[in-house]
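Dear colleague,

Please find below the structure that I am handing over to you. My notes on what was found in it follow directly after.

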Amino acid sequence: AFAEFLHARQVDQQEPLAVPQIKPRPPDETVVGAIKRLAQSYPMLDKAVMLNETSHLMSEFMVQGRDKMEVIDELEAVFLRYYNKLIKEKTT
């Protein structure tokens with residue numbers, strides 16, 4: 001009974017997870033602009049955890065000349081994947 005009480009208390013103290021406010025992609029968006037837009041759209045995510053992936057995509061764009069739209073699409077997928085991971089962690 002005590003363990004159930006502690007578990008219930010812990011669940012009650014968890015804050016509800018914020019829902020991302022996805023800002024629309026401007027037609028002339030840059031890769032840096034996309035990172036800023038997505039960071040604002042997903043304020044609940046720890047950007048430091050995502051730094052490796054986002055900087056890798058940025059360098060693929062700048063150094064390797066990868067298509068801007070492909071990189072932005074992948075950045076959106078990265079942010080969504082980390083958000084879904086956060087939801088899963090909070091609900092289990």
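A crossing of two helices is called right-handed if the near helix is turned clockwise from the far one by less than a right angle, and left-handed if it is turned anticlockwise. The model to which this is applied here is a predicted one.

Overall composition

The chain contains four helices and zero strands, and its pattern along the sequence reads α-α-α-α. Of its 92 residues, 25% are buried. Among contacts in the chain with a separation of 6 or more, 71% are between residues 24 or more positions apart.

Packing of α3 and α4

Two packed helices are described by the angle between their axes and the distance between the axes. For α3 (residues 47–64) and α4 (residues 68–91), the axes are 10 Å apart and the packing angle is about 170°. Angles over 145 degrees count as roughly antiparallel, so α3 is roughly antiparallel to α4. The crossing of these two helices, α3 and α4, is right-handed. On the α3 side, the contact involves K47, V49, M50, E53, T54, L57 and F61, which meet K68, V71, E74, L75, V78, F79, R81 and Y82 of α4. By class, the residues of this contact of α3 with α4 are nine nonpolar, one polar and five charged.

Packing of α2 and α4

Helix α2 (residues 31–41) also packs on α4: their axes come within 10 Å and cross at roughly 20°. Because angles under 35 degrees count as roughly parallel, α2 is described as roughly parallel to α4. The crossing of α2 with α4 is right-handed. From α2, the residues V31, A34, I35, R37, L38 and A39 take part, and from α4 the residues K68, V71, I72, L75, E76 and F79. The contact of α2 with α4 comprises nine nonpolar, no polar and three charged residues.

Individual residues

E29 is located in the loop between α1 and α2. With a relative accessible area of 6%, E29 is buried, since the cut-off for that class is under 20%. Its side chain is joined to that of R37 by a polar contact of 2.6 Å. Setting aside neighbours within four places in sequence, E29 is in contact with A34, R37, K68 and I72. Of these partners, A34 and R37 belong to the α2 side of the contact described above, and K68 and I72 to the α4 side.

E60 lies in helix α3. Its relative accessibility is 13%, and therefore E60 counts as buried. The side chains of E60 and H56 make a polar contact of 2.9 Å. Beyond neighbours within four places in sequence, E60 is in contact with G65 and R66.

A18 is placed in the loop between α1 (2–13) and α2. Is A18 buried or partly exposed? At 39% relative accessibility, A18 counts as partly exposed. Leaving out neighbours within four places in sequence, A18 is in contact with M44 and Y83. The C-alpha atoms of A18 and I87 are separated by 9.7 Å, although the two residues are 69 residues apart along the chain.

In summary, α4 packs roughly antiparallel to α3 and roughly parallel to α2, with a right-handed crossing against α3 and against α2.

Yours sincerely

How values were computed
Residues numbered from 1 in each chain as written. Predicted model: local features only at pLDDT ≥ 70, side-chain atom pairs only at ≥ 80, totals over all residues. Heavy atoms only, no water. Buried < 20%, exposed > 50% of the residue type's maximum accessible area, 1.4 Å probe, protein only. Polar contact = N/O pair within 3.5 Å; in protein donor to acceptor, adjacent residues only side chain to side chain. Contact = heavy atoms within 4.5 Å. Axes fitted to C-alpha atoms, helices over the stretch in contact; angles between N-to-C directions. Parallel < 35°, antiparallel > 145°, perpendicular 65-115°, else oblique. Nonpolar A, V, L, I, M, F, W, Y, C, P; charged D, E, K, R; others polar.
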